[in-house]
Every structure is written in C-alpha cells, then in structure tokens.
Amino acid sequence: MAQLPTSDAGVARFLAEARRTPPATRSDRRILFALDATASREPTWDLASRLHGELFEAASDDGGTAVQLVHYGGFNEFHASPWTTRPATLLRQMTEVRCRGGLTQIQRVLEHALAETSQARIRAVVFIGDACEEPVDKVADAAGRLALFQTPVFVFQEGADPDASRVFRQVARLTGGAHSPFVPGRAADLRALLRAVAHFAASGRRGVERLDHPAAARLLRQLP
C-alpha cells in the first residue's frame, strides 16, 4: 500500500495531485458494496440482494461498472469477492451468504477499501448496517486515511440507533460521502439510494442531480 504523507505540506501536495486525477472511465468505475452480515441483518440482506442490480446502473454511459461485495459476520469472519461487472455473478455471491451472529467490523471494511483504492481508484463505497460496536476513534482514523484517496463512503443506516448514527455521519463527512437512514423493509428508498450512488460513480454530482427522488436529494445536500 502507498505510504501516506505525514507533514502538512506533504498532505497538501498529495491532495493537489489527487485532484488532478482524470475522471473515471468505463474500465475504472468501481463501487465497493459492503454489508453487515451479522445475525440481525438477514431481512435487509435479502432486500439488498433483490436490489443489487441498481449498483450496475449508470445514467451517463452504457455500462462498465464493476462491483466488489464485502461482508462480515460470525466470529471474525470477513470476506471480499472478486470484482465483477456482471449483476448475475454478484447475486450468486450474495445468495451464498448466511448471516451469523458477531460484532461489527466497520474499521476493517474501511481499511480494505483503503488497500483497494490505493491500487486502483474506487469511485464510491456503499456500506449498509445498523450498528457500530467498535472504538469510534479507530473507525474515524480509517475514514480519514481513506479520505486522502478521495474515496467517498455512502452509509445507509437501517433503523435509528443514535450511537451508530453519530459514527456513520462522521465517516461520511470525513470521506466526502453521505449518510442516510432508511426504514427497514422500504425497498423504494433503498433502491433510490443505490441508484444515486451508481449515478454518482458514473457522473459525480451531476448524475445525482438528475434523479427525482427525496432520498437522492438528501444525499446530494451532503456532498461537497
């Protein structure tokens, strides 16, 4: 993994160089799709499986989005699939997962995203979860390091746990992404959120602006 700059001047130079990086093309439009697969998450996992194809949708182009599935559950179980441009492949991977009891591993998700995007740019990280059971400082530190690579995290929170909300908002703010709660079982809202990320990966803010849905509008207001 690339070494990060340590001085303020080094950070400024690093960010200036990152901003000059050309926009994504069909070959590098990548979305990391991360889900909490602990025991309480099974209903939402099934919902996400039905809606997974939204992440392959891109408003301004005719395809080319690659998605990697990342999930954790059970005792220290953590899995990352190969990147795929085929919705059917991702669906097969998702249907093979069984949600198991265990603690959250959000820091590990962010560090995995950091390792991936330092090799080839990730346009967006989607995380769906309902809780954070880890030290907040460590999660925030991982988010801050991910921000250096201009990799926004979109956190879609099931339910309204206030402690999780504070952490999720911080992760979104630090990375230049967005945080949005959604009501469990509301397929229309989650579909709109996933489509908003797909449009963002394809066209940035302009892509999200073209969507006519309150959930997309809430995301847009948070984007820098």
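This is a predicted model: local features need pLDDT of at least 70, side-chain atom pairs count only at pLDDT 80 or more; totals for chains, interfaces and linings use all residues.
Residues are numbered from 1 along each chain as its sequence is written, and side-chain values use heavy atoms, with hydrogens and water left out.

Q: Why are H5 and H6 called roughly parallel?
A: The axes of H5 (residues 136-147) and H6 (residues 162-175) cross at roughly 20° and come within 8 Å. Angles under 35 degrees count as roughly parallel, over 145 as roughly antiparallel, 65 to 115 as roughly perpendicular and the rest as oblique. H5 and H6 are therefore roughly parallel to each other.

Q: Which residues of H5 and H6 meet, and what classes do they belong to?
A: On the H5 side they are Val-136, Val-139, Ala-140, Ala-143, Gly-144, Leu-146 and Ala-147. Their partners in H6 are Val-167, Gln-170, Val-171, Leu-174 and Thr-175. Contact means heavy atoms within 4.5 Å. By class, nine residues are nonpolar, three are polar and none is charged. Ala, Val, Leu, Ile, Met, Phe, Trp, Tyr, Cys and Pro count as nonpolar, Asp, Glu, Lys and Arg as charged, and the others, Gly among them, as polar.

Q: Which residues make the contact of H7 with H9?
A: H7 supplies Asp-189, Ala-192, Leu-193 and Ala-196, and H9 supplies Ala-215, Ala-216 and Leu-219. Six of these residues are nonpolar, none is polar and one is charged.

Q: Why does Gly-64 count as partly exposed?
A: The relative accessibility of Gly-64 is 28%. Buried means under 20% relative accessible area, exposed over 50%, and partly exposed in between (1.4 Å probe, protein chains only). Gly-64 therefore counts as partly exposed.

Q: Where is Gly-64 in the chain, and how far is Gly-64 from Ala-202?
A: Gly-64 is in the loop between helix H2 (42-51) and strand S2 (66-73). Gly-64 and Ala-202 are 138 residues apart in sequence, yet 9.4 Å apart in space, C-alpha to C-alpha.

Q: How many helices and strands does the chain have, and what share of its residues is buried?
A: The chain has nine helices and six strands. Of its 224 residues, 50% count as buried.

How values were computed:
Axes are lines fitted to C-alpha atoms, for helices over the stretch in contact, and angles run from 0 to 180 degrees between N-to-C directions. Helices (H or I, at least four residues) and strands (E, at least two) are DSSP runs, numbered from the N terminus.
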